[in-house]
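Welcome, and thanks for looking at this chain with us. Please have the sequence and the model open side by side as you read.

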Amino acid sequence: MSRKALVGNVTAMLADAGFLVSDRCAVRPKSFDVAARRGEDLLLVKLLGNVDAFDRETGAEMRRLGEYLSATPMLVGLRTRDEELKPGVVYFRHGVPAIHPDTLYDLVVEDVPPLIYAAPGGLYVNIDGDTVADERKERGWSLGRLAEELGVSRRTVAKYEDGMNASVEVAVQLEDLFDRPFSDPVRVLEGAGEVREADPTPEPPEVAPDDEHVYGVLSRAGFAVHPTQRAPFTAVSEDEAEPRVEFTLLTGHSPFTRTAEKRAKLMGSLGRVTGTRAVYFTEGDDEPKTESVDGTAIVTMVELSRADDPERIRELIRERSDEPAEA
């Protein structure tokens with residue numbers, strides 16, 4: 001399957017499953033291909049035929065965006081360099097869950113989450129240790145008896161009951177012994193944090209010199225500015241002055257060229273899906289050529305410099321941008 005076909009199939013699948021799907025990110029740089037929302041579930045989806053092409057920097061950017069936007073970063077692909085991705089299994093690349101399109105279908109269409117995840121050494125499941133302990137005690141079995149049945153040590157059984165995950169083979173043995181399932185699903189839509197290593201969110205990049213002035217103004221106006229490196233927007237800015245008000249911005253900044261207009265249109269689509277506002281700050285004009293592009297507010301740097309009152313900045317953005325959609 002070509003990457004173009006993969007993108008088309010996955011976006012159609014998400015739409016059929018009731019997700020609002022953004023326009024495809026066709027401008028560079030781009031750490032993800034589409035954003036998709038259904039209720040409170042917000043996904044940032046990267047699509048690759050070979051998931052090994054997903055590099056560390058893109059993984060770090062997607063994880064940061066996931067934190068800023070309360071979204072789940074997700075990689076959907078078909079294979080690694082060595083093998084096909086197995087349906088029903090969650091893999092990880094640089095802290096981001098990676099799944100086969102069939103796994104995504106089961107998850108979002110059939111509402112059947114995966115039970116198996118890949119980690120160094122093989123395939124594993126997240127077992128319910130309390131239930132294992134209850135079943136063992138109900139049968140009157142000691143740790144040693146269950147260890148003998150499973151072919152592992154007493155210490156290993158104790159670790160299973162304390163919450164250590166098990167190989168697929170051990171999980172199957174447990175289910176055969178007690179004639180019941182013990183596997184907990186991998187919560188992919190929540191980032192699969194229960195089975196991946198809990199690395200801290202990577203540090204953000206430095207603000208580009210050309211952007212220092214605009215983001216300095218936003219900071220003085222009460223926004224926490226998070227620069228991006230590989231996103232279709234140059235920053236995510238959160239309103240700290242009014243924390244109870246939903247006023248998160250997808251922010252861009254450049255001269256108002258055709259490329260900038262195309263980027264602003266994409267940001268408007270992403271804003272509608274992510275529940276944020278989008279604003280593009282332009283250079284070189286006293287007044288904007290247009291006040292908005294597909295829901296993205298267009299504000300010139302001259303206007304920004306004149307807006308000494310922080311509330312005036314918010315007014316300009318409110319007047320010219322689309323209202324954030326409710327989840």
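D179 sits in the loop between helix 7 (168-178) and strand 10 (183-184). Helices (H or I, at least four residues) and strands (E, at least two) are DSSP runs, numbered from the N terminus. Although D179 is not a glycine, its phi is positive, at about 55°.

S70 also deserves a look: this residue, other than glycine, has a positive phi near 55°. The loop that holds S70 lies between helix 2 (56-69) and strand 4 (72-79). With a relative accessible area of 61%, S70 is exposed.

## About the model

A quick word on what you are viewing: this is a predicted model, in which local features need pLDDT of at least 70 and side-chain atom pairs count only at pLDDT 80 or more, while totals for chains, interfaces and linings use all residues. Residues are numbered from 1 along each chain as its sequence is written, and side-chain values use heavy atoms, with hydrogens and water left out.

## The chain as a whole

The protein chain has 11 helices and 16 strands. Its C-alpha trace spans about 80 × 45 × 35 Å along the principal axes. Of the 327 residues in the protein chain, 52% are buried. Among contacts with a separation of 6 or more, 59% come from residues 24 or more positions apart; contact means heavy atoms within 4.5 Å.

Two strands pair if DSSP finds at least two bridges between them.

Strand 14 (residues 277-283) is mostly covered, with 6 of its 7 residues buried. Strand 14 pairs with strand 13 (residues 249-255) in the parallel sense over 7 bridges, and Y280 is the bridge partner of G252. From strand 13 the chain crosses through helix 9 (residues 258-274) to strand 14, in a right-handed β-α-β crossover. Right-handed here means that, with the strands pointing away from the viewer, the path from the first strand over the helix to the second runs clockwise. Strand 14 also pairs with strand 16 (residues 296-300), in the parallel sense over 4 bridges. There Y280 stands opposite I298, and T282 has T300 as its bridge partner.

## A helix pair

Helix 1 (residues 3-16) and helix 3 (residues 101-108) pack at an angle of about 5°, with their axes 10 Å apart. That angle makes helix 1 roughly parallel to helix 3; angles under 35 degrees count as roughly parallel, over 145 as roughly antiparallel, 65 to 115 as roughly perpendicular and the rest as oblique. L6, V10, M13 and L14 of helix 1 make the contact with P101, L104, Y105 and V108 of helix 3.

By class, this contact has 8 nonpolar, no polar and no charged residues. Here Ala, Val, Leu, Ile, Met, Phe, Trp, Tyr, Cys and Pro count as nonpolar, Asp, Glu, Lys and Arg as charged, and the others, Gly among them, as polar.

## Strands 5, 7 and 8

Strand 5 (residues 89-93) runs parallel to strand 7 (residues 116-119), joined by 2 bridges, and V90 has Y117 as its bridge partner. Strand 7 then pairs with strand 8 (residues 122-127) in the antiparallel sense over 4 bridges, with G122 as the bridge partner of A119. The hairpin of strand 7 and strand 8 has 2 residues between the strands, and G121 takes a positive phi near 105° in it.

Conventions: Buried < 20%, exposed > 50% of the residue type's maximum accessible area, 1.4 Å probe, protein only. Axes fitted to C-alpha atoms, helices over the stretch in contact; angles between N-to-C directions.
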